[in-house]
Amino acid sequence: MSTALGNHILVEFMNCDPHIMNDVAAIERDMVAAAQKAGATVINSTFHHFSPFGVSGVVVIQESHLAIHTWPEYGYAAVDLFTCGEMDAWISFDHLKESFKSQSYSAIEMKRGSVNLLTRNDFDMTTMRQKAGEWRNPEFFTRNVWFTDKDEFQALSLRFTGEVFFDVQSPFQRVRIIESYKYGKMLALDDMVMTTIEDEFHYHEMIAHPALFTHGNAKNVLVIGGGDGGTVREVLRHESVEKVMMVEIDGEVITACKEHLPQIAAAFDNPKLELLVDDGIAFMKTAAPESYDIIIIDGSDPVGPAEGLFSVEFYTNCFNALKKDGILIAQGESPKFNEKAFTELNHTLQDIFGKDKAPVSLFFVPTYPTGMWSFQYGLKGESHPKMVTNESTIDAFVEEKGLRYYNADVHKGSFATPNFVKALLKT
Ligand code: SAM
């Protein structure tokens with residue numbers, strides 16, 4: 001008869017693989033497997049990934065719990081293996097040491113709940129036993145794996161199934177396709193949500209249609225970035241468009257989306273599309289002057305490969321490559337997330353295109369932090385997205401194409417700028 005109710009092993013796993021220490025799906029999978037390998041009955045698992053790094057989580061088992069907190073920057077994991085009954089938690093320890101590629105560790109084992117120190121209360125156990133029986137269904141356990149995109153002060157967390165469909169560290173970024181319960185499959189680059197099946201149309205309809213209807217007769221369109229394919233899909237809905245050139249730096253993004261997000265990557269075989277896997281910044285340096293009607297910058301956040309997509313030199317090159325009545329649209333961050341990048345980009349566009357030639361379109365993307373996002377314009381000619389005159393044409397197109405976000409009112413409404421944003425953009 002055990003003299004203690006529980007057994008607690010406190011483990012310091014050191015010199016672990018930092019990438020594994022930052023991989024919430026891998027850690028959840030390994031922790032659940034560590035419990036099951038030792039014969040435990042898993043009740044549920046709750047795991048959180050913190051951006052930029054770190055994972056915390058717990059696997060609740062019939063025999064108590066396994067818990068973990070990681071510091072990838074130190075290659076370190078603090079692990080708790082708390083068990084009761086006959087379960088040998090050292091089996092879990094061995095599995096985790098191997099899974100985390102831990103080069104060194106220390107562990108303390110202690111008995112918890114010494115029965116000599118405790119007084120047993122007599123109460124009706126029958127109801128308790130029956131309840132426990134319900135939990136004994138090994139197939140049925142809830143997984144709570146959370147993906148969190150955050151900056152210092154705010155975050156967006158999405159619960160995902162823990163399934164990872166694509167996970168490649170490319171020369172530019174980590175490319176992953178995971179599945180969230182609420183928004184379905186999604187593309188994450190370096191742990192930032194890029195696009196999801198359930199709300200991608202918000203972004204892709206608003207990046208394409210306002211500009212194409214403002215221009216009215218665009219034939220030659222350039223897209224920088226946009227590796228998921230949603231932007232070119234929307235641009236190619238316009239029959240007037242004769243050619244779309246797309247320059248995406250990371251071929252892994254295209255591969256991942258073609259394979260796992262086919263509804264978004266639906267236009268990659270369109271004969272009007274010329275796809276180049278290359279750096280858009282370098283491409284713009286040598287782009288022919290006055291060659292495009294519309295240039296769309298569908299880039300990721302101003303870090304890593306996309307940092308240069310927010311520079312004065314880059315937008316000056318874009319200005320030169322636009323025809324006289326050309327329009328530029330850029331993924332513009334949010335007045336409530338990355339405010340500095342949002343404001344600086346608009347000031348750059350005002351300097352290059354002109355003070356009244358850099359309007360901002362605001363719209364909603366539920367899976368982007370704060371949900372409030374923007375596209376920023378550079379207008380080289382006289383046409384202005386606020387001066388919409390072809391509303392009936394727009395709504396007929398919306399009807400015909402079955403668009404789900406964009407329409408003539410949303411077009412106009414998106415350029416209605418709240419006062420706090422006007423204040424941010426004042427130069
Ligand atoms: N909707 C997303 C957002 O708002 O952040 C952007 C989606 S799209 C997937 C962003 C694409 O820009 C990525 O595929 C990334 O590889 C690409 N990209 C980043 N830097 C680039 C560069 N310098 N040249 C071309 N493509 C680039």
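A residue counts as near a molecule when one of its heavy atoms lies within 4 Å of that molecule. In this predicted model, 26 residues surround the ligand in that sense, and the closest are Gln-173, Glu-248, Asp-279, Gly-280 and Tyr-368. A search of the whole structure also finds two cavities of 30 Å³ or more.

**Ligand contacts and cover**

- Glu-248, one of the closest residues to the ligand, places a polar side-chain atom 2.6 Å from an oxygen atom of the ligand.
- Taken alone the ligand exposes 600 Å², of which the protein buries 100%.

**The shell around the ligand**

- Strand S10 (184-189), strand S13 (243-248) and helix H8 (280-285) are the elements that give two or more residues to the shell.
- Sorted by class, this shell holds 12 nonpolar, eight polar and six charged residues.

**Cavities**

- The largest cavity contains about 50 Å³ of space, and its lining includes Gln-173, Leu-189, Asp-190 and Ser-300, with four nonpolar, three polar and two charged residues in that lining by class.
- The second largest cavity contains about 30 Å³ of space, and the residues that line it include Ile-297, Ser-300, Phe-310 and Tyr-315, while its lining by class has five nonpolar, three polar and no charged residues.

Note on methods
Residues numbered from 1 in each chain as written. Predicted model: local features only at pLDDT ≥ 70, side-chain atom pairs only at ≥ 80, totals over all residues. Heavy atoms only, no water. Polar contact = N/O pair within 3.5 Å; in protein donor to acceptor, adjacent residues only side chain to side chain. Areas by Shrake-Rupley, 256 points an atom, 1.4 Å probe, with all protein chains shown as cover. Helix = DSSP H or I, 4+ residues; strand = E, 2+ residues; numbered from the N terminus. Nonpolar A, V, L, I, M, F, W, Y, C, P; charged D, E, K, R; others polar. 1 Å grid on protein atoms, 1.4 Å probe; cavity = no way out; pocket = protein on both sides within 12 Å on 5 of 7 lines; lining within 4 Å. Points joined across faces, edges and corners; volume = space filled by probe spheres on them.
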